[in-house]
Every structure is written in C-alpha cells, then in structure tokens.
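Please keep the sequence and the 3D view at hand.

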Amino acid sequence: MTDVLPGAAPTIRVTAMPGDANPYGDIFGGWLMGQMDLAAGSVASRHSGGRAVTIAVDAMKFHAPVLVGDEVSVFATLIAVGNTSMTIEVEAWRRARHVEDMCKVTQARFVFVATDEERRPRRLAG
C-alpha cells in the first residue's frame, strides 16, 4: 500500500519537542493523538459554526515513530455529516528536520458532536 500525502495544506503543523517524548526520544502516542484531536476539532468547530466535542475515535495504529525535532503535519478532512455529528478523517505525517521526505505515522477517524451553550447536542444547519 502506497501512502499519498494529502493535497491540501495541513490543518496543524508543529515541531515535536523533548517534553513530548519518552527518555529514548520517541514522541508519546498520546501527544500525537492530542494534536490530531486539535486538528479534527478545528474542522468540526468551523463546519458547525460553534462548539463541538469529541465523542469517538477509531483505533489508531502507529506505522512509524515520531522523534524529537520532527515536524509533524496533521491533515483533517470532513468526510460525513449527520444531524448533530461530524466524522473527520485525520492523518499525521512526519518529516525529519533536515530533509524533505515525509511519511505517514498514523491515521484515525474522529467523531464530533455539535453542542449548545448548555453542552447538549445541537442540530447542524443545512
């Protein structure tokens, strides 16, 4: 299977820092998942025109490690919309600091629900 870098600009791009890693210099999976959740949340909030919260994440499998100093690009794409929910496909790619080649490190589907001021589900416009 050949991974193809998404054509759109990344939703989030960040450099992995020592505080995000274990003593061996490998980035924590939870940190990477948090970056993916931020990217998906940005897409969900923009689409819903307000507050949206994560309600589910499909299983993640890590294909390659992220190391301290790597640039991480997170791509998030809205793929389905329900009455109150949005499904967002998210891919994370890494690039070592001094090269141009990138590789996909993980992907997952995030499901968000639009909520009102009382944090109850609200219908999406449209």
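Two strands count as paired if DSSP finds at least two bridges between them. In this predicted model, β1 and β3 meet that cut-off, with 4 bridges joining them. The two strands run antiparallel. Within this pair, R13 stands opposite S73 in β3.

**The sheet**

Strands of a sheet pair through backbone hydrogen bonds, either parallel or antiparallel. Here the pairing is antiparallel, and 5 strands form an open sheet in the order β1-β3-β4-β5-β2. β1 (12–15) and β2 (52–57) stand at the edges. Each has a single partner strand, so one side of each is left without a neighbour in the sheet. From one strand to the next, the twist averages 30°.

β3 and β4 form a hairpin, with 3 residues between them. V81 stands opposite M86 in β4.

| Strand pair | Bridges | Direction | Facing residues |
|---|---|---|---|
| β1 and β3 | 4 bridges | antiparallel | R13 opposite S73 |

**The core**

Which residues have the most contacts inside the largest nonpolar core? They are L32, M36, V74, I88, V90 and F112, in a core of 26 residues. The elements giving two or more residues to this core are α1, β3, β4 and β5. α1 gives the most, with 7 residues.

V90 shows what such contacts look like. Leaving aside its neighbours within four places in sequence, V90 is in contact with M36, A40, V74, F75, A76, T106, Q107, A108 and F110. Two of these partners, M36 and V74, are also listed among the residues with the most contacts inside the core.

**A loop residue**

R51 lies in the loop between α1 and β2. Beyond its neighbours within four places in sequence, R51 is in contact with V113, A114, T115, D116, R119 and R122. V99 lies elsewhere: R51 and V99 are 48 residues apart in sequence and 38 Å apart in space, C-alpha to C-alpha.

How values were computed:
Residues are numbered from 1 along each chain as its sequence is written. This is a predicted model: local features need pLDDT of at least 70, side-chain atom pairs count only at pLDDT 80 or more; totals for chains, interfaces and linings use all residues. Side-chain values use heavy atoms; hydrogens and water are left out. Axes are lines fitted to C-alpha atoms, for helices over the stretch in contact, and angles run from 0 to 180 degrees between N-to-C directions. A nonpolar core is a set of buried Ala, Val, Leu, Ile, Met, Phe, Trp, Tyr and Cys residues joined through side-chain atoms within 4.5 Å. Buried means under 20% relative accessible area, exposed over 50%, partly exposed in between (1.4 Å probe, protein chains only). Contact means heavy atoms within 4.5 Å.
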